[in-house]
Every structure is written in C-alpha cells, then in structure tokens.
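Student: Hi! Could you walk me through reading the strands and helices of a structure like this one?

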Amino acid sequence: MNGKSCVRCGNKAQLKRPKTGELICKECFFVVFETEVHETITSSNLFSRGERVAIAASGGKDSTVLAHIMKVLNDRHDYGLELFLLSIDEGITGYRDDSLESVKRNKEEYQLPLEIVSYEQLYGWTMDAIVAQIGMKNNCTFCGVFRRQALDRGCELLKVDKMVTGHNADDVAETVLMNVLRGDIARLQRCVAIVTHDESGGYIPRAKPFKYTYEKEIVMYAYFKKLDYFSTECIYSPNAYRGFARELIKDLERVRPQCIVDIIRSAETFQFDTVNIRKQVISRCEKCAYISSQKICRACVFLEGLNSGKAKLSVFESEGKTQKSKARRVEEEEKVERSKVSILNADW
Amino acid sequence: MKVKVEFSGGLELLFDKATRLTVDVDEKTTIKDLIAYLKQNHLKEKPELFMSGDSVRPGILVLVNDVDWELLDGADYKVEPNDNVVFISTLHGG
C-alpha cells in the first residue's frame with residue numbers, strides 16, 4: 001500500500017514531519033524527536049546540573065510526553081536533574097479526578113515523586129463548589145488565577161529551581177496570534193520566551209522544552225510509544241476564544257504546516273518599542289504575600305468574593321472598577337472575557 | 001469487506017466511548033467514504049468535532065496500518081480488506 005521510504009534509513013516511512021515535510025520511519029522519528037528536544041534544552045541552557053525540576057503534569061498528552069522525555073533525556077545525557085511531577089487538583093469531578101489517575105500511573109512508570117496540590121486545601125474551594133455558586137460564566141477566570149498560584153505553591157513545597165510545562169509549538173503560535181489580535185504588546189513580547197520569570201525572582205522560572213515541537217509529533221510520539229494519557233475536555237470549559245485561534249492555526253497548518261514554526265520565528269524577531277510598553281510593577285499581596293501587581297492579589301480578591309457570596313462582583317472589582325453604567329459594564333464584561341484567555345496564559 | 005477502525009485522543013467520546021469498531025464497507029471505499037459512513041452509522045454527537053467539509057476536522061490525525069495518511073493519498077486512499085484505520089484527535093488539552 002505504501003512504497004515511500006524513510007529519508008534517513010531507507011526503511012518504510014510511516015510519518016510526514018510537519019516542520020520539514022520529510023518522510024520518516026517510526027524508529028528514526030523517535031531519534032529525531034528526542035534529539036530535537038535535547039538540542040532545544042542544551043542550546044537554550046534550560047537547566048544546570050544539580051537542579052530540582054518540577055514537571056507540570058495534567059495527565060494529558062503534552063505533559064505525559066514531557067514527563068517521559070524529561071526522564072529519558074535526563075538519564076541518557078546525564079543532565080543531573082532531580083525530577084518531580086507536580087499536579088493541580090482543581091476539584092472537578094469526572095475530569096480532574098480521572099486525569100490524576102493517569103498522572104499516578106506515570107508516577108509509577110517513570111518512578112518520579114508526585115506532589116498534588118488541591119484548590120480545596122489551598123483555598124477551601126473546589127471548582128465544583130465555585131461553579132455551583134457563580135455559574136459557568138467567569139469560572140475559567142477563577143480557575144486560571146488559582147492554578148497559576150497553585151503551581152507556584154507546589155514548586156515551593158517541592159523546593160524546585162524550575163518548572164517545565166508541556167506547551168508546544170502550536171500553543172505558542174496560537175498565543176502569538178491571540179496577542180497580536182488583541183494588541184497586547186507586552187504579552188506578545190513575553191510569550192515566545194522559552195523561559196519566563198520575573199526579574200525580582202518572585203516566582204519559579206517556567207520553561208517550555210516543547211516550544212518548537214509540533215503537536216502532531218507529540219501525539220504521534222505518544223501513539224507509537226503507547227504512552228498512557230488522558231484526553232477529555234474540561235467539563236466547565238467554554239473554550240471559545242482560544243478555540244478560534246486554534247482552529248485558524250490548524251486550518252493554516254493543513255495548507256502549509258511550516259506556518260506554525262514561522263509564526264514563532266516572526267514573533268522572536270519582532271523589534272518592540274519598549275518605551276511604550278507598560279511594565280508591571282511587581283510587589284507582594286498584603287494578604288497572602290503572593291507576587292502581585294496590586295495590593296491584594298487576584299486570588300485573594302476572588303476568594304473574598306466567594307466567601308462572602310459576592311463572587312460575581314469580585315471579578316469586576318479586580319479590574320479596579322466597581323461603579324459602572326450598563327454600557328460600561330457590558331464593555332467590561334468583554335474585557336473580562338478577553339482577560340480569561342490572558343489569565344489562562346498568564347505565564348506567556 | 002471488513003475494515004478495522006480505532007478512535008482515540010478524545011474522539012471516542014463522540015462515538016459512544018467506542019475505541020474500536022469493525023465495519024463492513026464496499027470495495028473501492030476511500031477514507032473520505034469511510035468518514036461519511038462513520039458519521040452516518042456510528043457518530044453519536046457533535047459531528048462538527050469530527051468532520052469539516054467531507055473530511056476530518058483539521059487537527060485530527062489519521063493513520064492506516066500505523067502509516068500517516070499524508071504518506072498515502074490522504075482522504076482519497078482506497079481502503080483494503082483488514083486495514084486498520086486510526087483517528088486521533090490532537091485537539092484536547094495537554
């Protein structure tokens with residue numbers, strides 16, 4: 001049925017590489033996939049020997065492949081890293097409880113210590129309880145703010161030097177596009193950085209070893225290696241805004257697969273007018289001491305609202321405005337919709 | 001002729017959680033025909049998450065006997081008896 005051969009070894013080809021268009025067999029694919037991630041890690045100096053590194057593990061495809069490959073490369077190339085799995089339990093029945101089972105299987109398979117930090121233990125609220133109170137409108141905003149902080153708290157518990165996330169090239173290209181579409185120049189500049197951290201050292205640096213790795217190859221790798229991952233969309237996620245950008249990228253990829261890496265390269269090469277980019281001033285939250293650009297961090301503002309039953313209002317308060325005409329409020333709601341997306345990607 | 005079909009990456013949820021099916025199709029059936037057949041006979045919900053036009057939605061990978069359909073003729077590939085056709089969604093979070 002197929003007479004095409006692998007460009008590297010001449011055996012039967014099984015995969016067309018989106019980045020290069022090369023035809024390649026399964027065994028050579030494993031080699032180039034692993035080698036390219038290794039090259040990304042070494043050329044960007046992502047780690048130093050002796051570091052403790054947390055792998056943000058959701059049980060989904062990207063983080064499952066990331067955990068596998070970090071383990072393989074750390075052993076093969078003797079990076080000298082101490083690896084940990086870090087998962088967040090948002091308290092979403094039928095979604096996170098199932099995906100955490102897949103993380104627990106990864107823990108056994110790769111023999112890595114696992115830390116699970118739950119919203120319930122940190123904040124006293126599960127997402128199920130939050131949605132029961134506030135409905136499905138701003139729930140992703142809450143979840144995004146809470147998750148970001150929970151990951152940092154988990155890193156503190158594990159005393160790690162860095163965290164790696166499974167964000168892949170498709171995710172980065174989507175984010176570049178979204179930041180262009182909403183004119184968010186500050187985030188546009190940050191989102192292509194392979195390591196993000198704030199200058200004051202307020203939170204643990206986050207790195208993306210899959211920055212140049214195509215989603216197609218991650219899924220193919222998981223399929224051919226028979227890796228055990230969980231794939232169900234969050235039951236509370238409306239997934240609208242990012243969904244559009246995602247679909248656009250996937251449509252473009254079908255016509256010209258190189259576009260994904262080209263979008264990233266473009267953003268890396270942009271010259272920014274740094275004078276006019278608003279720099280965030282980072283300080284500490286007066287309530288919980290978490291890093292924040294406001295006196296009280298967003299998580300604490302949300303929690304106060306939840307605990308006093310005024311959660312819906314607190315979403316608006318956190319934007320710094322409370323008294324609004326109806327028209328203004330509609331506009332503000334749209335802004336919150338947009339910030340949902342940006343909060344979910346606050347580390348970009 | 002009999003053809004084996006597999007769903008993963010979340011697509012199985014659209015097919016009543018079926019991860020494997022064996023279907024009986026005519027000779028000269030292409031992948032495009034097979035997609036239409038699956039929609040007609042097995043898809044339970046949200047066809048827009050499986051299909052786009054007369055093919056699968058971009059972001060769904062297709063393999064025939066563990067070979068990327070991009071190496072074959074894509075949607076025009078004619079399935080053969082006992083072929084194993086795998087549909088994998090890449091669209092779910094990771």
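Tutor: Gladly! Five bridges join strand β4 (residues 82-89) of chain A to β5(A), and the two run parallel. Keep in mind that this is a predicted model.

Student: Which residue stands opposite Ser118(A) in β5(A)?

Tutor: That is Asp89(A). There is a helix to look at here as well: α3 (residues 96-110) of chain A packs on the sheet and touches β4 and β5 of chain A. The direction of α3(A) makes about 165° with that of β4(A).

Student: How do I read the sheet as a whole, and what is the order of its six strands?

Tutor: The general idea is that strands of a sheet pair through backbone hydrogen bonds, either parallel or antiparallel. In this case the sheet is open, with mixed pairing and the order β5-β4-β3-β6-β8-β7 (chain A). β5 (114-118) and β7 (195-196) of chain A each have a single partner strand, so one side of each is left without a neighbour in the sheet.

Student: Which strands does helix α2 (residues 61-76) of chain A lie across?

Tutor: Helix α2(A) lies across β3 (52-56), β4 and β6 (162-164) of chain A, and runs at about 155° to β3(A).

Student: And how do I read a helix pair, say α7 (residues 169-181) and α11 (residues 259-269) of chain A?

Tutor: Start with angle and distance: these two pack at about 55°, with their axes 9 Å apart. They are therefore oblique to each other, and α7(A) passes α11(A) in a left-handed crossing.

Student: Which residues meet there?

Tutor: Among them are Val172(A) and Val176(A) in α7(A), and Ile260(A) and Ile264(A) in α11(A). By class, the contact has eight nonpolar, no polar and one charged residues.

Notes
Residues are numbered from 1 along each chain as its sequence is written. Chains are lettered from A and ligands numbered from 1 in the order in which they are written. This is a predicted model: local features need pLDDT of at least 70, side-chain atom pairs count only at pLDDT 80 or more; totals for chains, interfaces and linings use all residues. Side-chain values use heavy atoms; hydrogens and water are left out. Two strands pair if DSSP finds at least two bridges between them. Helices (H or I, at least four residues) and strands (E, at least two) are DSSP runs, numbered from the N terminus. Contact means heavy atoms within 4.5 Å. Axes are lines fitted to C-alpha atoms, for helices over the stretch in contact, and angles run from 0 to 180 degrees between N-to-C directions. Angles under 35 degrees count as roughly parallel, over 145 as roughly antiparallel, 65 to 115 as roughly perpendicular and the rest as oblique. A crossing is left-handed if the near helix is turned anticlockwise from the far one by less than a right angle, and right-handed if clockwise. Ala, Val, Leu, Ile, Met, Phe, Trp, Tyr, Cys and Pro count as nonpolar, Asp, Glu, Lys and Arg as charged, and the others, Gly among them, as polar.
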